[in-house]
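Student: Could we go through this model together, starting with the pairing of its strands?
Tutor: Gladly; here is the sequence with the structure.

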Amino acid sequence: MAGDPREGQAPRVDHSLDTAALEWMRGVALVAALLLGCVHDVYELDPLAPAPPPRPAEVRILVFGDFGYSTPAQGLVARAIRRESAAHPFDLAIQLGDNLYYCGPDPARAGADACRFLPDGAAVAPGAATDDPAFRRKNEAALGALRARDGGPLPMYLALGNHDVGWGGGRCAVKGLSVDEASRRRACLEVAHRSTGWTMPARHYVVDRGPVRLIVIDTNVAVADYGGFTLEDELAFVREAVAPCGGAGPMCFLVGHHPPAAAHGYRVGPGPSPFRARMARLVLAAGGRAVAFLGGHVHTLEHLSLGSMEVFVSGSTAMGGFMPFKVRTPAAAQVHFATSAWGYAILEADAQGWRVRFEDFQGAALHCCDAGRDGPCRPVECR
């Protein structure tokens, strides 16, 4: 272990590597991992309580992120998801952003300039989709035709990640387009796209299913305002979306790309982090009504606690690898579990409470926790 994930400070995100070099290095790392038997570190940092008696799930949700690139790791995780879905079907799935590496859909493609957000800055005007093949090539094809428990196609909802909007320009710059215009178009095209494997009703939106409400947010504004989208608008959306949560209402989960807490190996800079302060405002906007946050961005599988909110990171799919756990951010976060193993998470809920299970690409259970309606999710032995 490169360092204790309980120690560290806030990260500074660095996307400065050349695209070709990054692809080459990741390819080499993934091939090496396959040859070595795909051995990954797994850290279970709490004593495990006995598994509670099994309860039927009223809703069963597949949770994974950072999936949008055709790599050996993507293929392995996708195969595991297909196997699990066939044996124990889900009711819906949520992708946690970075759905199309490295720069999202093509904002210069024919018809992209016609994509327009409605006045609310969230939904997109009808008829704005393009025929960009990147959606199928990089994301949808790997999963195939997943079926839901009701026998129909598995509803696949998605959140926006930084790579989906070509954050900051750089290698994602487009000649003739400003950084803001290119990012806004990319976000618009992802919202506008529709298929059996892709549903994004708006830039931020709510999904209600049984006892669960998923509040899907655009966490790119936690890094900085972009493309005309602001943190203030996101805060207002969260405050409204959590209104029915808690008590006799639904169990609510914030869903977004950037998690509010993580253990990771990103380089860190001196001084306070603007991202951390802005993300803290998003969490506070929920007013304690959200029991957990489901995020990606960090290419790992993790379970942490941040005050009364549980945080689950499920970003170890297409771009997963060997993230060293050198730092923990913020300092108040408590790490329960962390691994660089490729895999995904499963969220189940019923009238009594909810539970989360992490599985690797071979179908092995890595970590499980169980919670009442209001949490917290206590680590338990996996059945």
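Student: Which residue in S16 is the bridge partner of Phe-358?
Tutor: His-367 in S16 is the bridge partner of Phe-358, and the two strands concerned, S15 and S16 (residues 365–372), pair in the antiparallel sense over seven bridges. Strands here are DSSP E runs of at least two residues and helices are H or I runs of at least four, numbered from the N terminus, and two strands pair if DSSP finds at least two bridges between them. The model is predicted, with local features needing pLDDT of at least 70 and side-chain atom pairs counting only at pLDDT 80 or more, while totals for chains, interfaces and linings use all residues. Residues are numbered from 1 along each chain as its sequence is written, and side-chain values use heavy atoms, with hydrogens and water left out.

Student: Which residue takes a positive phi in the hairpin of S15 and S16?
Tutor: Gly-363 does, with a phi near 90°, in a hairpin that has four residues between the strands.

Student: Is S15 mostly covered or mostly open?
Tutor: Strand S15 (residues 353–360) is mostly covered, since seven of its eight residues are buried; buried means under 20% relative accessible area, exposed over 50%, and partly exposed in between, with a 1.4 Å probe and protein chains only.

Student: Changing topic, what is the strand order in the open sheet of eight strands?
Tutor: The order is S1-S13-S10-S11-S9-S7-S6-S5, with mixed pairing. Strand S1 (42–44) and strand S5 (205–209) are the edge strands, each pairing on one side only.

Student: How does S5 pair with S6?
Tutor: S5 and strand S6 (residues 212–216) pair in the antiparallel sense over five bridges, and Asp-208 stands opposite Arg-213 in S6. Helix H6 (residues 231–241) packs on the sheet, touching S5, S6 and strand S7 (251–255), and its direction makes about 175° with that of S6. Contact means heavy atoms within 4.5 Å, and the angle, on a scale from 0 to 180 degrees, is taken between N-to-C directions of axes fitted to C-alpha atoms, for helices over the stretch in contact.

Student: Which residues of H6 are buried, and why do they line one face?
Tutor: The buried ones are Leu-231, Glu-234, Leu-235, Phe-237, Val-238 and Ala-241. Seen down the axis of H6, these buried residues fall within an arc of 160°, so they line one face of the helix; the arc is that of the directions from the helix axis to the C-beta atoms. They pack against S5, S6, helix H5 (220–223), S7 and helix H7 (274–285).

Student: Which members touch the most others in the largest nonpolar core?
Tutor: Phe-253 and Trp-354 do, in a core of 111 residues, where a nonpolar core is a set of buried Ala, Val, Leu, Ile, Met, Phe, Trp, Tyr and Cys residues joined through side-chain atoms within 4.5 Å. Helix H2 (residues 72–87) gives the largest share of this core, six residues. Leaving aside neighbours within four places in sequence, the contacts of Phe-253 include Arg-213, Leu-347 and Trp-354.
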